[in-house]
Amino acid sequence: MSFKTPRVLRDLGPARRLAALVVLLLPGLVAAQTGTLSGTVVDGDFGGGLPGASVLVVETGTGDATDIDGNYEVAGLEPGSYTVRYSFIGYGSQTVEDVTVAAGQTQTINITLTAGEQLEEVVVTAEEIIATNSEVGLLRVRAKAAQVSDAISAETISQSGASDAGDAMERVTGASVQGGRYVYVRGLGDRYANTQLNGSTLPTADPDRRAVQFDLFPSDFLENIVTLKTFTPDKPGSFSGGLVDINTRSFPLEFTASLSASTGLSTQVVPGDDILVDRAAGISYVGTADALDLPAALQGDVPFPTVSNSEVFNADSPEGQARLATIAENEALVDFFSARTAAPGTSSADPNVSLAASIGNRVSFLGNDLGFILGGTLDRGVGSYDEGVVGRYDTAGPDGAPRLRQRRRDQRSTVSSNLGGIANVAYRLGDRNEIGLNTLFSRSAESEARVISGLAPIPIGGVGDEITVTDRVIGHTERELASAQLRGRHQVPALAGLTAEWRANAATTRLDEPDLRFFANADLGDQLVVGGASLSNTLHFFRESTEDLGGLALDLTVPPRTLPLQIKVGGLYETTGREFRERRFEVFSEGLSLESEDAAGVDALFSPENSGVVRVTPPNPRDPQRRSTYVIGNRLVDNTQPFNQYDGTLDVVAGYGMVELPLGPLRVIAGARVEQTDLSIGTVDLATGEPVVTDDDALTGGIDEVDVLPSLNVVYALSERMNLRAAATRTLARPTFREIAPFQSFDFATDGPLVGNPALDRTLITNLDLRYEWFNAPGSIVAVSGYYKYLDRPIERVIVDIENNVNRFENVDEATLFGAEVEVRQQLGALGGAFASRFVRDFSVGGNVTVTRSRITIADAELAERRFINPDADDTRALQGQSPYLVNVDVSYDGADTNAGLYLNVFGRRLSRVGVPDVFEDPSPQLDFIASRRVFDQFKLKVSVKNLFGQGHREVYDFPSSTLAAIGGGDAVYQSYARGTSFSVGLSFSPRFGGGSPAAPAVPSPSSPTGL
């Protein structure tokens, strides 16, 4: 890439170029001589921006009317001090004195106007307002929100050092993140959660679960993340734990630009260290899936060249010629796959690198405001560990005591890249209309190389046999998300101030796992065994899943202008389509030997000399057909399951109505939502992609239901700064495509088959919530919440065949979940006294604690097996993934040029894998330190140290402690590995032409629960 002078300027002479450059920069130079006053007028009774409010600068007689979002801007003010009056018909006015405007800068004043009988004018000084300008909109809207909600702003995300939305969600009260990407809210995830992007539902890139992968959203793109914990009818009814709305940046109030770069390393892998890699294909920023695709000979409706280990035929006969051609085709396929190598190699690790850039502005176009923001991110990282442990135990010991099946060393390296882009544009037609287009693209690619080696006597030999098994795994995974949303907001004063909001969205996600390679051998002491009855053959596995979602939505809000209540009605149509395909090929190596376990030995086993015909036995002289015996070396077998290909569709049609009625200090938000669910799924023909027409209920599934979902939220204002909230709602959870799909796959989590169930039904959920919240000072909050949930026929994995460890998704009888949350955030300077000193006042402390308990019914067959191991086993268990407690604590400093903070996150011991026995993940406290300092005015230096404790990952079997003596005492480890401590340093550049300050975020629409 090269950077050149624009052609328009290159065609001019030097003097004309200078003149043209002055013309381009002139608006910024002129703006630098005057200042700007901007901000948001908030509706103090219903939250959200107040459109049509009047803003008057008394000394100049100039002003502005707030737009549809409640935002205003008065530009061209001479430097000085002003008095500004804010008013709206039927609301008390406010006058702010001593508003200082400086040349080239933007002064932000956010005001709350409240309707009332007295309608008295309130006079305050600018100093009082400016001290709270970043919190007036935020806390006022949260206090006036209809739902119980929590949120995290872009500022907090940046200060905490979060690299993506997954990192950011770890700071949210009641939320936990598993695997760095899957979010659980109040102990519920997957089908019990809903994720939106800018208010529109997202499809999932994971074929096995209904869970959006939060690591696909770079933090540089985020405006805020809002988590709704109670349901109102204007939101989808398909959640119980929480609805997480990821909002991207949009409509800057002035020019903004940034460019940043960072690099880092970890104590686990330092640049230059040797790591395991795939020798056949590396990883690039644009992905590697195409380079590892299936050969053309295996795509489409092409017969597979099937051969056996030994073939007997006459090569001179037509039949023999056909068999030789088939063997040659199979040999070519073996050689094709063998060239990709089945054993990892080593290479030097590169440093972690991250780049990001963005630019945005608001300009005048055809007499109206046009805002845009463009951004891009590029990341490349390396992860590695050498001393991990993989253990497998069963209950085949005496009286159900644990028996060791394997305990082996685990070495794993990953090289990942992330590419993202955002392009948002919004156009305001006057003060009462806005249309916008939000687009986002994200691609994540990861290459994995892994070697697991060590003692594994079962099932190769017997208890006590010194047999070691070495597994090698090489895989690539690409995940991609593309989203576009066209939206509009319009206010019609002639229709009682009606506000209409509409949106049309389309999104697609794709998962591509091309050629996952698995190769194993056993060391019996005197020979190296490959394949056979006890070891898996060499595997080449391909999987691809695509999910497309499209939706239309309309919301109509009548504000309390003529009626003493707010009315809101609307509807939604949403359609989702899933295509899932997988192929499984195995290389059989009968009669061949492995000379050594290193990469060279594995390459030799799969050399061209060992594929196709490796030995020919002449015909028996007495055979009249003169047939020879052809012994085949490595041969490829297609073990793809014909029913493991499916297409699914989910159509949801919804309509709702709700009212918000203020009764003095009491607000009642009540209504109902009607949702029609039409979910269908069916097997498709692998060759043609057409649906398989069948009357077999085991191959098709679906749900066709209409549900009425009532909602009641009550907010009682104990004072201006205190609320007491209560809610009673009904929501639902639908099965995922994978759960209802009629196919069986091997589940590595349980080491057994996992079977879908086309007969699954949806789950209906009753939710009760109570919250007390006190906004005791600007930037401060104390909140205490309690919640209870009853799940009717929840969907869970149930062991249906104990002997073969077969799991299937089933609707069990019931489940309950209850818990409490406490959230505290305090800016120390607001406490006054000694805390108002110059050293202390810029510090903030915060924390949140969530305690959750859940119970779900265990099926009879599974319960019998559990009680064989432990006679005292309960007939219920906790929900998978639910942490009994979550703790977040932070101490931060926010000075004029310096920011720093310590962030601690801890989760309780949680059920990670359901089985007999269960597997639990142990707590792994993580402490992060993040600091940044502005240097040279427009540059910022940022340093982060993550996982200061160096805590690793550890999962253990839940055997009764009295039985652990059978394996020598100590824990029965399922998996453990070190994560180490990571370090990064970065530099960002934010040019400010004219010296303007960053724009204040806009307050959201009435349909949004909070604004950050």
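A salt bridge is counted here where a side-chain nitrogen of Lys or Arg lies within 4 Å of a carboxyl oxygen of Asp or Glu. All views show a predicted model.

**View 1. Salt bridge between arginine 771 and glutamate 773.** At 3.9 Å from N to O, the side chains of arginine 771 and glutamate 773 form a salt bridge, because the cut-off is 4 Å. Arginine 771 and glutamate 773 are both buried. The two residues also belong to a network of salt bridges, in which they are linked with Asp150, Arg186, Lys229, Arg725, Asp769 and Glu821. In the model the count of salt bridges comes to 56.

**View 2. Salt bridge between arginine 825 and aspartate 890.** The side chains of arginine 825 and aspartate 890 meet with an N to O distance of 2.7 Å. Arginine 825 has a relative accessibility of 30% and counts as partly exposed, whereas aspartate 890, with a relative accessible area of 9%, is buried.

**View 3. Salt bridge between arginine 443 and glutamate 480.** The closest N and O atoms of arginine 443 and glutamate 480 are 2.4 Å apart. This pair links distant parts of the chain, 37 residues apart: arginine 443 is in strand β24 (residues 433–455) and glutamate 480 is in strand β25 (residues 468–492). Both residues are buried.

View 4. Two or more residues of the patch come from each of β43 (814–827) and β44 (843–857). Valine 784 belongs to strand β40 (residues 780–792). With a relative accessible area of 40%, valine 784 is partly exposed.

**View 5. The largest cavity.** Rolling a probe the size of a water molecule over the atoms shows where empty space is left. The model has 11 cavities of 30 Å³ or more, and the largest has a volume of about 500 Å³. Its lining holds 36 residues, of which Ala193, Asn194, Thr201, Leu202 and Arg210 are the closest to the centre. Elements that give two or more residues to this lining are β12 (182–185), β13 (193–197), β28 (538–558), β29 (566–588), β33 (646–663) and β34 (666–683). Strand β29 gives the largest share, four residues. By type, the lining residues divide into 18 nonpolar, nine polar and nine charged.

How values were computed: Residues numbered from 1 in each chain as written. Predicted model: local features only at pLDDT ≥ 70, side-chain atom pairs only at ≥ 80, totals over all residues. Heavy atoms only, no water. Buried < 20%, exposed > 50% of the residue type's maximum accessible area, 1.4 Å probe, protein only. 1 Å grid on protein atoms, 1.4 Å probe; cavity = no way out; pocket = protein on both sides within 12 Å on 5 of 7 lines; lining within 4 Å. Points joined across faces, edges and corners; volume = space filled by probe spheres on them. Nonpolar A, V, L, I, M, F, W, Y, C, P; charged D, E, K, R; others polar.
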